[in-house]
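Let's look at this one together, question by question. Here is what we will be working from.

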Amino acid sequence: MALSLFRKNEIEPPADIEAASLRSDKFRLEREVDWQRLDQIVTALEKGRPKRISDDDLLNLPVLYRKTASSLAVARETSLDASTLDYLEALVRRAWFQIYGPRVGFFGWLKRFFLGGWSGAIRAIWLDICIAFAVMVAGTIVGWLLVARDQEWFYALVPGGMAGGRVPGAPREVLEETLGHQGGADGLGVFAASLFSNNTGVAIMAFALGFAFGIPTLLLLVYNMALLGAMLWVFDDAGLGTEFAAWLSVHGTTELGAIMLAGAAGMHVGRTMAFPGDRSILSAMQSAGVRAAQVMAGCTIMLIVAGLLEGYARQLVDGTGARFAIGGTMLVLWTLYFLAVRSPKEREA
Amino acid sequence: MSAAMNFMRGEPDKRDRMLVTPEGLALPLTVGSRGARAGALMLDIIFIVLGIIVFFIVMGLLGFSLIDVGESGGAGPIAEFLIILVILFLFLARYGYFLWFELGPRGATPGKRLLGLRVAARDGGQLTAEMVIARNLVRDVEVFLPLFFLLGGGEDQGVAGLAAFIWLAIFVLFPFFNKDALRAGDVVAGTWVVEAKAAKLKEAMSLAPDRSRDYQFGEAELSVYGEHELQVLETVLRQDQPEALRDVAEAITGKIGWRLGQGDEREFLEAFYAALRAHLESGMRFGKRKRDKFS
């Protein structure tokens, strides 16, 4: 790496070609300028500095690549110079990685992602989303019923630190206070950032655990939703059910949506692993994995939005109606986006 | 030893694979060894930890003692901004590091680069952003959870701890149960990790002064050796170690029944190399190949 700093830009033409006594060495000396030109271009591409490549070189890149590839094919059959063969093989391989590498840059990918890639991937895993949704609803009901029958369940489900006074039989005023806003905007940014970091960790885990046939993902979803169900019962018991739902809906429609999608993505991978269909399990898992990765990238974005809503909007907006309005609007927006945005026809397949 | 050499000698390494480019050229690839990959991962984790340490030192030097901010409670806007920065930095260190580097043109994190590895699509096609995202999301269960589990003393938690340990061990040991050393993330994403070393073009061998008049070798003397011996001789000549030259020259003269004066080894070996290569290459042009001295 350090050497390239001092390397001269011009490629020296080889020493006297006629001086070489072997035919295969003459072959090599006649072509090595092209090889080194390709080497320089590939090195610049690898370093992420395509601007250093002159227009002339860039136009010639495909030609140089094919020339070098055919040099390798010829050299394999005519030359016994091991170091030249090694060099050519490494060079063609590097060039191949660059030429057949990703053709869209980060921003190109982002554009494609927002204009159809994301929503398309979500529509493709609709069945898994339905399963995840059903499981989440079931989890909530289970949490609710468990605590309704025996309040000890609440302490088993909810970690002590998280409850923070929101326990069964707590006075209505205490519960009401937890739903209120905490005054000014100080410290809300920190709150939003930590919420985002934490929630994304949960979502990524929900996805990554899907690898084991999706079962751990299901358990994770059930557990988290049972926790919510238990909390819901506590507030409903105190006659604050609607207020709690409104408080939750501000960010919940976005956040729970993201967790549902992450769980669905994990389950999609796990389900494909269990039922690969008529393809080989590896290729089936690959296409499922790539589809799920798009959904997951989108989940991160949803969780950023959720963190902002939870950190700012929920703390600043008071009043049940306004909170329901924000949460409902977000739900409608997401649903419309996922259903309506179709990817434009690809020009190149 | 490179894939090409092994391939030519007909003793394929267990890690060698063939990839056919769209030009129809068979390109040998070597799957990265499990040891190299573990080493690369360790390097990357060291880099991340060092990065975090440097980040906190810089924060400290800036004069904002984060602990004070936490205790006094009344965080000003600057301190608040710093805390957000810390949270986001830790988040990115965990999830962003691998993603950022593997999405780059080299397809490798710094650790992989140092050990000559890169990520590639298993089907020989493009490595897409989705593949890199998928393989790095699964990394969370494969690397970071076990790491936190070990650091956090999760093994003290009785049966649940043991279950978690076995469960995580399945992910960690996954690469040992398939021939391409795929980890779970590679399976999901359709990628694999291959060797990607760059080689330098060395001097052409036959540029040395032509001595075919001083040393003349006959058909019988040249048919003693094959391609393997030729390439060993090439290595010896390129390394240019006097003792090695001496030994090899003695071995060859012994075999073909010549006597050699003191100090002529390099000249003799260069001449013999050129003659042997010319002999073997002309055989190649007629479709006759001699792999080694036994064939």
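Q: Is the crossing of helix 10 of chain B and helix 12 of chain B left-handed or right-handed?
A: This is a predicted model, in which local features need pLDDT of at least 70, side-chain atom pairs count only at pLDDT 80 or more, and totals for chains, interfaces and linings use all residues. Residues are numbered from 1 along each chain as its sequence is written, with chains lettered from A and ligands numbered from 1 in the order in which they are written. Helices are DSSP runs of H or I, at least four residues, and strands are runs of E, at least two, numbered from the N terminus. A crossing is left-handed if the near helix is turned anticlockwise from the far one by less than a right angle, right-handed if clockwise, and this crossing is left-handed.

Q: At roughly what angle do the axes of helix 10 and helix 12 of chain B cross?
A: Axes are lines fitted to C-alpha atoms, for helices over the stretch in contact, with angles from 0 to 180 degrees between N-to-C directions. The axes of helix 10 (residues 227-239) and helix 12 (residues 265-285) of chain B come within 10 Å and cross at roughly 145°.

Q: Which residues of helix 12 of chain B does helix 10 of chain B meet?
A: Contact means C-beta atoms, placed from the backbone, within 7 Å. From helix 10 of chain B come Glu227(B), Leu230(B), Leu233(B), Glu234(B) and Leu237(B); their partners in helix 12 of chain B are Leu269(B), Glu270(B), Tyr273(B), Leu276(B), Arg277(B) and Leu280(B).

Q: What share of contacts in chain B between residues at least 6 apart in sequence join residues at least 24 apart?
A: Chain B has 12 helices and 4 strands. Among its contacts between residues at least 6 apart in sequence, the share joining residues at least 24 apart is 64%.

Q: How far apart are the end C-alpha atoms of residues 247-267 of chain A?
A: The unreviewed UniProt entry places a "transmembrane region" at several stretches of chain A, including residues 247-267; such annotations may be inferred rather than shown by experiment, positions follow the numbering used here, and feature names are shortened. Residues 247-267 of chain A are 100% helix and 0% strand, with end C-alpha atoms 29 Å apart.

Conventions. Two residues are in contact if their C-beta atoms, placed from the backbone, lie within 7 Å.
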